[in-house]
Structure formats: C-alpha cells, structure tokens
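Please read them with the model open.

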Amino acid sequence: MTGPAFTPRVFSGIQPSGGLTLGNYLGALKRFVEMQNDASHECVFCLVDLHAITVWQDPKALAQQTREAAAGFMAAGIDPAQSILFNQSQVAAHAELAWLFNCVARMGWMGRMTQWKDKSGKNTENASLGLFAYPALMAADILAYHATHVPVGEDQKQHLELTRDIATKFNHDFGVDFFPITEPVIDGPATRVMSLRDGTKKMSKSDPSDMSRINLSDDADTIAQKFRKARTDPEPLPETYGDLKDRPEARNLIDIYAALTGKSTDTVMSDVAGQGWGQFKPHLAEVAAETMAPITDEMNRLLGDPGEIDRILGEGSAKAREISEPIVARTRDIMGMISSG
Ligand code: AQP
C-alpha cells in the first residue's frame, strides 16, 4: 500500500528543567537553527514544560527557566516569524494525544527505556507515573504535527524509535495510514556531549554539579574555570582520534572543540597532537567563550522583557494549535469517538 505524502515538517523540543547547556546547544539547538535556515522544512520548536514536571520543578523556577529557554532559542537564531516557538502546556493537543497513545503503547515498551531506568533509579515505586509515560507524550508532541523529521541528540534515539512503534501500531490497529513514520536526525560531531566531571555521563542540566556543564548563561571567566577544572588524564594529546578510544574525558573535549570550530576531529587532532592540557584547555575555553558570548548577551537582553517573551510564546501556541487540533480531532474520529462539533 502506498502511504500518503506528508509535508516535510520538523518538530523538536527541549525541557525547561534548568538552564540550557552546551550539550543542548551543540546536540540540538545549533541544528534546529540550521534546519530552520535550510527552508525546505516547516519547523515547530517546543519548550516541553509538561515533560519537565515528570520530576519535581519549583513553580517559580519553571516559569523562569521556560522564559530563559525561549530567550536562548531566539538568541541562538530561532526566528519566531519563521518557525513556530511555544511552550507545550499552552497547547492541549499534546496532553490529549498522549492519553490516546497511552492506550496504544505497551507497558513493556516503556519499561525498556534507558531514560526511565536512569531517572527512576532504584526507587521505581516512588517515580512519577508521568516519568514512566514520558515517551508516549514525546510521541504525541511529534505526531500531533505529523512531523517527518526530528533533530535530537543521541540520548533521545530510543524514544524516537518508540514514536515510530506507536505510529506503526496505531496505523496497523485502525487500518489507516494516518501517522508518518518519523525520521530521527542525529548527526554532527557533538550528538553526545559528556559531563566535564565524568566522561562516561552525558552533560545534563539537572546534574547536581554545576562544574559538570557549561551553561548558556556562563560568562567567559566561568567557562575558562570550568574547562580548567574539567577532569582529564595526565597524557598529552595523541596523533589520531582513534588513540582517544579509551580516554573518554579527552575525547569529549576534542569533540566539543571540533563542534565549536566546525572542523573534523581528524583535522583537530593534526592541529593539537602533542599538546598538554595546560596548552589545549585555555584555547578550548577561548573558542567556547567566543561562540557563546553573543548568544549569552542576546539571551540576557531578551530576558529584560519577559512580557515580550510571553507574547511570542502565546503567538506560537496559537499557530501550533491550528496544526495540531485538527490532527488530534481526526485521531479521535479514527478511534470511534463521537464528536458533536
Ligand atoms: N549532553 C548532550 N549532548 C548532546 N545533546 C544533548 N541533548 C541533551 N543533552 C545533550 C539534546 O538536547 C535536546 C533537549 O534535551 P532535553 O532537555 O529535552 O532532555 P535531556 O536530553 O534529558 O537533557 P538534559 O540536559 O539531560 O535534561 P535533564 O537534566 O532535565 O534530563 C535533545 O535533543 C537532547 O538529545
């Protein structure tokens, strides 16, 4: 059977569960901007506050973090006149479709998710039901827009596969070709930026140690201090990238440098081979500060007018509702729910 042709549409989101990190920027935001500017896709970008509350969020901090993330998106180059930018909770279609998908997805699928295992830890009895069902909400975020492409970091790959499973099962169960089988877009040198304190853990906004990450709000001195203190090994930098195989912290700093400069890791290695950390780290910090400073400055400027940020998010939400409401209404219809409207 030949399926319907879906309009190319990008959807992606970031949780306002803390300040944005260099991991969010290199793994996601930078690529969102590239996809927006490529103009071959309509782009929908969402601050996923309903996802953020799957773990405890202080209400005042959540509002501030959501505005900060919105300012970070715009400062990095997301243009709300060109892309749709909004916060998830203002568009009820997400929560509604998530419920419908809760009835399509299987418990076993959710239980296998690495993020669920990592975030619930040993105390699964005490984790929120929302944390367990997180991937069904993520599938709803994407499929409420019939999104065909989702740029994400490596850590979200498994959730994207689950989105495809939900779409496939829905289409099969109801004998339709209604939901697209979305393509993940995971490419570039920094799809998994690691913690500066532990090269085997990803850089994360909710890591208790602020020294583990570079925040979009950090100034040049803080960035320099964090890279200076970043965990490394005593060896100098080797000739080839392959020689970093068993040196996760060193590899992470090289990956970050390559992503910031746009150079391949092979070119970076030929530039820095033989250098010690005392030479490489200050240079890396300088490059990072140069890249981040204009974004940080613009983000702070935008944050000076929170009313304007709220207005932009309100306008984006209205545009998001125009696309998602008819898709969710049609989903209810396919499932046999009566609508009198
Ligand atoms: N370290 C990272 N390297 C590359 N990409 C990353 N992303 C997150 N961390 C890295 C990508 O950023 C997008 C938004 O992620 P998210 O905020 O929705 O959730 P997350 O992946 O759980 O990010 P955090 O920072 O670790 O948040 P917390 O600490 O709240 O769980 C995604 O595309 C993600 O791949």
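Predicted model: local features only at pLDDT ≥ 70, side-chain atom pairs only at ≥ 80, totals over all residues.

The points below take up a helix contact, aromatic pairs, one asparagine and salt bridges.

1. Helix α7 against helix α8. Helix α7 spans residues 129-143, and helix α8 spans residues 157-174. Their axes come within 9 Å. The crossing angle is roughly 70°. Angles of 65 to 115 degrees count as roughly perpendicular, so α7 is roughly perpendicular to α8.

2. Who makes that contact? On the α7 side, the residues are Tyr134, Pro135, Ala136, Met138, Ala139, Ile142 and Leu143. On the α8 side, they are His159, Leu160, Leu162, Thr163, Ile166 and Ala167. By class, eleven residues of this contact are nonpolar and two are polar. No charged residue takes part.

3. Aromatic pairs. The count comes to twelve. One of them is Phe32 with Phe45, a stacked pair. The ring centres are 4.8 Å apart, with 15° between the planes. Phe32 sits in helix α1 (residues 22-38) and Phe45 in strand β2 (residues 42-47), so the pair ties together parts 13 residues apart in sequence. Phe32 has 0% relative accessibility and counts as buried. Phe45 is also buried, at 0%.

4. An edge-to-face pair. Trp116 and Phe132 pair at 4.9 Å centre to centre. Their planes stand at 75° to each other, an edge-to-face arrangement. Trp116 belongs to helix α6 (residues 114-120) and Phe132 to helix α7, so this pair links parts 16 residues apart in sequence. Trp116 is buried, with a relative accessible area of 13%. Phe132 is buried, with a value of 16%.

5. Asn24. Buried or exposed? Asn24 has a relative accessible area of 16%, under the 20% cut-off, so it is buried. Asn24 is placed in helix α1. Setting aside neighbours within four places in sequence, Asn24 is in contact with Ile14, Leu29 and Lys205.

6. Salt bridges, helix α8. The whole structure holds 19 salt bridges. One of them joins Asp173 and Lys169, at 2.9 Å from N to O. These two residues are four apart in helix α8, which means about one helical turn between them. Asp173 is partly exposed at 40% relative accessibility. Lys169 is partly exposed at 23%.

7. Helix α13 spans residues 306-335. Within this helix, Glu308 and Arg311 are three residues apart, about one helical turn. Their side chains meet in a salt bridge of 2.9 Å, N to O. Glu308 is partly exposed at 31% relative accessibility, and Arg311 is partly exposed at 40%. Arg330 forms a salt bridge with Asp333, with the closest N and O atoms 2.7 Å apart. Arg330 and Asp333 both lie in α13, three residues apart, about one turn. Arg330 is partly exposed at 39% relative accessibility, and Asp333 is partly exposed at 45%.

8. A salt-bridge network. Which residues are joined by salt bridges that share partners? Asp210, Arg213, Asp218 and Lys226 form one such network.

Technical notes
Residues numbered from 1 in each chain as written. Heavy atoms only, no water. Axes fitted to C-alpha atoms, helices over the stretch in contact; angles between N-to-C directions. Parallel < 35°, antiparallel > 145°, perpendicular 65-115°, else oblique. Contact = heavy atoms within 4.5 Å. Nonpolar A, V, L, I, M, F, W, Y, C, P; charged D, E, K, R; others polar. Phe/Tyr/Trp six-rings, centres within 6.5 Å; stacked < 30°, edge-to-face > 60°. Buried < 20%, exposed > 50% of the residue type's maximum accessible area, 1.4 Å probe, protein only. Salt bridge = Lys/Arg side-chain N within 4 Å of Asp/Glu carboxyl O.
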